[in-house]
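Trainee: I would like to go through this model with you. Could we take it topic by topic?

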Number of protein chains: 2
Amino acid sequence: MIIDCHGHYTTTPVQVGEYRENQKRALSKDPLTKGKKGRIIISDDEIRESIENNQLRLQQERGTDLTIFSPRASWMGHHIGNEHTSQYWTEHQNNLIKRVCDLFPNNFAPVAQLPQSPGVDPKKSVAEMVRTVEEMDFIGCNLNPDPSGGHWNGAPLSDPAFYPIYEKMCELDIPAMIHVSGSCNDNFHTTGSHYLGADTTAFQQLIMSNVFKDFPELKIIIPHGGGAVPYHWGRFRGLMQDQGYEPLEVSALKNIYFDTCVYHQKGIDLLLDIIPTENILFASEMIGAVRGVDPESGQYFDDTKHYIDNNQTLSEADKSLIFEGNIRRVFSRLNID
Amino acid sequence: MIIDCHGHYTTTPVQVGEYRENQKRALSKDPLTKGKKGRIIISDDEIRESIENNQLRLQQERGTDLTIFSPRASWMGHHIGNEHTSQYWTEHQNNLIKRVCDLFPNNFAPVAQLPQSPGVDPKKSVAEMVRTVEEMDFIGCNLNPDPSGGHWNGAPLSDPAFYPIYEKMCELDIPAMIHVSGSCNDNFHTTGSHYLGADTTAFQQLIMSNVFKDFPELKIIIPHGGGAVPYHWGRFRGLMQDQGYEPLEVSALKNIYFDTCVYHQKGIDLLLDIIPTENILFASEMIGAVRGVDPESGQYFDDTKHYIDNNQTLSEADKSLIFEGNIRRVFSRLNID
């Protein structure tokens with residue numbers, strides 16, 4: 001079985017965007033508005049259509065079986081509005097993910113976004129973790145290291161403010177993918193520099209922290225191939241050594257996993273060469289950041305299975321770990337044969 | 001000849017740090033203080049000693065000939081104080097670089113830091129560019145894309161506010177290395193995530209801007225191997241294509257160069273494989289971010305010449321371009337045989 005651990009519902013019916021625009025309109029009149037959760041009315045057929053013509057079609061075309069599926073990352077928009085805005089929006093988004101997974105139980109497994117909000121204590125997101133995992137069978141969550149949307153004015157992931165989230169993750173035995181949302185800072189391009197910078201930043205915050213000492217069972221996924229990390233593996237190894245930390249293999253790689261959202265053969269080859277196989281999880285981010293076909297290869301840029309298939313170094317057994325075994329170990333609540 | 005295009009004066013005599021501490025003390029009493037430029041009294045012998053035992057010794061040990069040398073990047077500290085603070089500090093730092101280069105004219109060539117300051121119009125830095133290039137024979141400058149020190153609350157490099165700098169760079173025929181300074185934001189580790197994130201961010205800002213259309217002769221160096229860029233070359237190519245931009249080869253690689261500050265063999269091999277040879281400039285950042293010896297290779301992490309020597313793909317002619325030819329083309333004011 002081939003499991004893609006990083007897919008987003010980027011093709012939601014238009015009612016979802018309309019709900020969000022209504023939220024923004026209310027906030028423009030009163031930024032502190034609590035508002036109401038309201039409803040997003042979408043039929044099962046509309047959901048089926050939004051999936052069958054997109055993610056499901058591409059799964060079949062590319063030969064993957066199951067996508068671990070979460071709300072559209074760039075739309076989490078934790079910086080928009082206040083904690084109520086985020087709470088309502090997040091509940092709707094997670095409920096939609098649940099409906100997709102119930103409609104296509106063999107093709108999608110659910111991961112939650114969290115109702116983070118700038119300046120709001122991260123522990124307030126614990127209730128949504130519990131709701132989605134315990135009541136709705138979600139198998140993981142996405143944790144935003146910068147809910148400000150590119151202003152980076154909150155606490156780093158090493159801060160004890162995040163500890164209630166880590167504690168509950170361990171208790172529920174779920175991993176978190178560290179994933180920022182859309183940038184509202186003109187300095188950062190959302191799916192380019194913001195995503196990749198945040199990946200590198202999150203890794204750096206964690207490796208020089210006490211987080212993995214305090215939570216030895218914590219499972220963290222750094223997406224987009226780990227940002228700049230594998231390419232600069234020597235720099236990170238050297239910084240750790242210079243500053244008196246234990247080697248990354250001991251201090252970080254028991255807890256940190258990298259996905260394979262790297263969109264060219266040589267980048268994937270580097271990732272597979274540098275990072276131990278047991279720390280790599282297959283992912284494509286499909287349908288996501290890059291949607292076109294690479295004129296050099298004739299393949300979709302984000303068809304990362306193709307790059308792994310073409311890698312000349314790893315054994316089939318290693319590739320099977322990346323495609324399935326490692327993912328089942330990390331997403332231990334996944335229960336699909 | 002082997003030219004290292006990225007070295008910093010990280011080993012200044014203690015008087016330099018003392019001057020800076022005095023500035024900070026005055027600012028703690030009055031953040032708006034203009035203060036006075038004052039003096040930093042250092043003898044030629046003290047400068048010789050600080051260089052001979054450090055950068056010069058390592059040049060000789062590693063077999064490099066010339067370092068293009070600028071003030072310590074992490075100490076530029078543009079976020080500290082106000083425009084006067086930065087102006088005085090920058091002039092002293094650049095004057096010290098000039099003294100090093102005059103004492104060791106065969107081993108060092110000078111590059112300037114700029115007196116940037118948060119909220120201050122970048123065009124105010126033009127005078128220091130002119131002073132250092134026209135009066136002191138500097139051959140380039142370092143441009144900080146985030147003078148706030150990790151808060152990213154200024155204009156991106158695509159903003160016309162930077163155009164007076166680009167205009168003067170073209171007129172003087174000097175390149176700029178895009179280089180942030182120390183982070184004062186707890187989210188970012190200076191020499192890890194902040195440097196690498198800024199490199200990626202700067203590249204992203206420029207490739208989707210009009211800067212190279214408006215300044216076709218502009219020469220920009222992205223340090224630290226381009227941050228995450230070569231590893232994610234497919235993502236950037238795909239984003240450009242999806243958003244209707246011309247391919248990077250046409251739109252960016254006539255203006256952007258990458259240095260080789262990547263501290264492991266496989267990272268360097270990827271850089272040399274992905275980026276056209278004519279866009280790569282040899283650099284080590286020595287003495288800089290990582291100072292230790294890699295226990296796996298027995299070599300200094302930052303001995304990047306060693307990795308290029310060991311690369312099995314490029315020809316000697318290509319390596320010669322990276323070590324010298326490309327650097328002489330980009331730093332066209334360099335005048336050492």
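Trainee: Which residues is Ile97(B) in contact with, leaving aside its neighbours within four places in sequence?

Mentor: Ile97(B) is in contact with Tyr9(B), Phe69(B), Ser70(B), Pro71(B), Pro110(B), Val111(B) and Phe138(B), where contact means heavy atoms within 4.5 Å. Please keep in mind that this is a predicted model, in which local features need pLDDT of at least 70, side-chain atom pairs count only at pLDDT 80 or more, and totals for chains, interfaces and linings use all residues. Side-chain values use heavy atoms, with hydrogens and water left out; residues are numbered from 1 along each chain as its sequence is written, and chains are lettered from A and ligands numbered from 1 in the order in which they are written.

Trainee: Where does Ile97(B) lie?

Mentor: Ile97(B) belongs to helix α4 (residues 83-103) of chain B. Helices (H or I, at least four residues) and strands (E, at least two) are DSSP runs, numbered from the N terminus.

Trainee: Is Ile97(B) buried or exposed?

Mentor: Ile97(B) counts as buried because its relative accessibility is 0%. Buried means under 20% relative accessible area, exposed over 50%, and partly exposed in between, with a 1.4 Å probe and protein chains only.

Trainee: How many residues apart in sequence are Ile97(B) and Tyr9(B)?

Mentor: They are 88 residues apart in sequence, and 7.4 Å apart in space, C-alpha to C-alpha.

Trainee: Turning to aromatic pairs, what is the count over all chains?

Mentor: The count is 29 aromatic pairs over all chains. Rings of Phe, Tyr and Trp (its six-membered ring) pair if their centres lie within 6.5 Å; planes under 30 degrees apart count as stacked, over 60 as edge-to-face and the rest as tilted. For Tyr9(B) and Phe69(B), the ring centres are 5.6 Å apart and the planes are at 40°, so the pair is tilted. This pair links distant parts of the chain, with Tyr9(B) in strand β1 (residues 3-9) of chain B and Phe69(B) in strand β2 (residues 66-71) of chain B, 60 residues apart. Both Tyr9(B) and Phe69(B) are buried.

Trainee: And in chain A, which residues do ring pairs link into a cluster?

Mentor: The cluster consists of Tyr9(A), Phe69(A), Phe104(A) and Phe108(A).

Trainee: On to the two copies. What rotation superposes chain A on chain B?

Mentor: A rotation of 180° does so, with 0.0 Å of shift along its axis and an RMSD of 0.0 Å. The two copies are thus related as by a two-fold rotation axis. The superposition is by least squares on the C-alpha atoms of residues with pLDDT of at least 70 in both.

Trainee: Why do the copies meet through the same surface?

Mentor: Because 98% of the interface residues of chain A are also interface residues in chain B.

Trainee: How do the axes of the α11 helices of chain A and chain B cross?

Mentor: The axes of helix α11 (residues 265-274) of chain A and helix α11 (residues 265-274) of chain B cross at roughly 175° and come within 11 Å. That makes α11(A) roughly antiparallel to α11(B). Axes are lines fitted to C-alpha atoms, for helices over the stretch in contact, and angles run from 0 to 180 degrees between N-to-C directions. Angles under 35 degrees count as roughly parallel, over 145 as roughly antiparallel, 65 to 115 as roughly perpendicular and the rest as oblique.

Trainee: Which residues meet in α11(A) and α11(B)?

Mentor: Lys266(A), Gly267(A), Leu270(A), Asp273(A) and Ile274(A) meet Lys266(B), Gly267(B), Leu270(B), Asp273(B) and Ile274(B).

Trainee: What does Asn187(B) touch, not counting residues up to four places away in sequence?

Mentor: Asn187(B) touches Pro145(A), Trp152(A), Asn153(A), Gly154(A), Ala155(A), Pro156(A), Thr201(A), Gln205(A) and Ser193(B). Asn187(B) is in the loop between β6 (176-178) and α7 (190-207) of chain B, and counts as buried at 3% relative accessibility.

Trainee: Now the backbone. Which residues does a cis peptide bond join in chain A?

Mentor: Met286(A) and Ile287(A), with omega about -5°. Ile287(A) lies in the loop between β9 (280-281) and α12 (304-310) of chain A. In chain B, the peptide bond from Met286(B) to Ile287(B) is cis, with omega near -5°.

Trainee: What is phi of His224(B)?

Mentor: Phi of His224(B) is near 50°, a positive value in a residue other than glycine. His224(B) sits in the loop between β7 (220-222) and α9 (233-242) of chain B, and counts as buried at 0% relative accessibility.
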